[in-house]
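Trainee: I would like to learn how to read a ligand site and the strands of a model. Can you take me through one case?

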Amino acid sequence: MDRACAGRISPAVMTLPFRKMHGLGNDFVVLDARGRPDLRLTPARAAAVADRHTGVGCDQLIVLEPAEGGGADVFMRIRNPDGSEAGACGNATRCVASLLAAETGRPRVTVRTVSGDLPAVALPDGRWRVDMGPARLGWRDVPLAREFDTLHLPISRGPVGDPAACSIGNPHATFFVPDLSRLRLDTFGPSLERDPLFPERANIGFAQVVAPDRILLAMWERGAGPTRACGSGACAALVNAHRRGLTGRRATVVLPGGELEIEWREADGHVLMAGPVATAFTGELDLDALPEPAAPAHAAA
Ligand SMILES: N[C@@H](CCC[C@H](N)C(=O)O)C(=O)O
């Protein structure tokens, strides 16, 4: 090689394999930290990986860790692009379940999250069904800043208001609207996510019920903004729609990225979610090379 072009001899670079996966376009960078107890992923580093301009880019960074104490196949840590940690991610749970099934050869696996153990099963058509656990309906469960009936919250912005809230292992509020096509998510999403009634912020869903078994849904995700799909948001939309008497206990939830089948099981109050999984690509990440996200030098016009 021409000496002038050789540049600096780089020190040994430690790279980390990653897998880019998605469920209905809700996309994830999946890192396997099971053999890497030394891997320290600070919120800033997680945000750097998730950055769509200077990192790999994703709606959530998913880190696989050992499931301590047994009873589950893996522990799944979930980070939003702003670095915050989430208790649940329905679409990522299906993706991780499919990885574990490939690894273990078993069609039934259990994914542990900070909100609980989620059993998942491969369906004959290639989709995965996850038991997302019980929908929690109390005001402390969501949580809300003070006591309210979670079926009707005194929150509104312009034409949207009166949401219902619940927890699917993470906080959700669903606003029912007559025509989803007329709604601009970024107009109300940011301030609703941070409404003072949500001390831990909330994922915000806008739902149009078109039939007792069909819901159109657009999501503004906490810590992520608009996404093509949100599995836990679809679960919350069905639970809240049923509580309002708008649907039965099962529905197809249609998101911008595609469809999820959701059931709120009567017997135990658990919410079941079925949908597809996909791998987009795999790669190697040099964590030390990633810049930590900084404020833009100037706002785009
Ligand atoms: N995409 C997810 C939800 C991810 C977490 C959420 N943004 C939160 O902060 O709770 C899903 O598919 O459920």
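**The ligand shell and a strand pair**

Mentor: We start with the make-up of the site. In this predicted model, the shell around the ligand has six nonpolar, eleven polar and three charged residues.

Trainee: How many residues surround the ligand, and which are the closest?

Mentor: The ligand is surrounded by 20 residues, and the closest are Ala86, Asn91, Asn170, Gly231 and Ser232. Two elements give two or more residues to this shell: helix H3 (90-104) and helix H5 (231-243).

Trainee: Which residues does the UniProt annotation "binding site" cover?

Mentor: The annotation comes from an unreviewed UniProt entry, and it covers Asn26, Gln60, Asn80, Gly90, Asn91, Asn170, Asn203, Glu221, Arg222, Gly231 and Ser232.

Trainee: Take asparagine 91. Is it buried or exposed?

Mentor: A residue is called buried if 20 or more other C-beta atoms lie within 10 Å of its own. Asparagine 91 has 34 C-beta neighbours inside 10 Å, so it counts as buried. Asparagine 91 sits in helix H3. Leaving out residues up to four places away in sequence, asparagine 91 touches Gly23, Leu24, Asn26, Ala229 and Gly231.

Trainee: And glutamine 60: where is it placed, and is it buried or exposed?

Mentor: Glutamine 60 belongs to strand S3 (residues 60-65). Glutamine 60 counts as buried because it has 25 C-beta neighbours inside 10 Å. With residues up to four places away in sequence again left out, glutamine 60 touches Phe28, Ile78, Arg79, Asn80, Cys89, Ala92 and Ala224.

Trainee: Now the strands. What is the general idea?

Mentor: Side chains in a regular strand alternate between the two faces of the sheet. For the case here, look at strand S7 (residues 116-122) and strand S8 (residues 128-134), which run antiparallel and are joined by three bridges. One of the pairings sets alanine 122 against tryptophan 128 in S8.

Trainee: How many residues lie between the strands in the hairpin of S7 and S8, and which residue there takes a positive phi?

Mentor: The hairpin has five residues between the strands, and glycine 126 takes a positive phi near 95 degrees.

Trainee: How many bridges join S8 to strand S18?

Mentor: Five bridges join S8 to strand S18 (residues 270-275), and these two run antiparallel. Valine 130 stands opposite methionine 273 in S18.

Notes. Residues numbered from 1 in each chain as written. Predicted model: local features only at pLDDT ≥ 70, side-chain atom pairs only at ≥ 80, totals over all residues. Near = placed C-beta within 6 Å. Helix = DSSP H or I, 4+ residues; strand = E, 2+ residues; numbered from the N terminus. Nonpolar A, V, L, I, M, F, W, Y, C, P; charged D, E, K, R; others polar. UniProt positions renumbered as here; feature names shortened; annotations may be inferred. Buried ≥ 20, exposed ≤ 12 C-beta atoms within 10 Å, placed from the backbone. Contact = placed C-beta atoms within 7 Å. Pairing = 2+ DSSP bridges.
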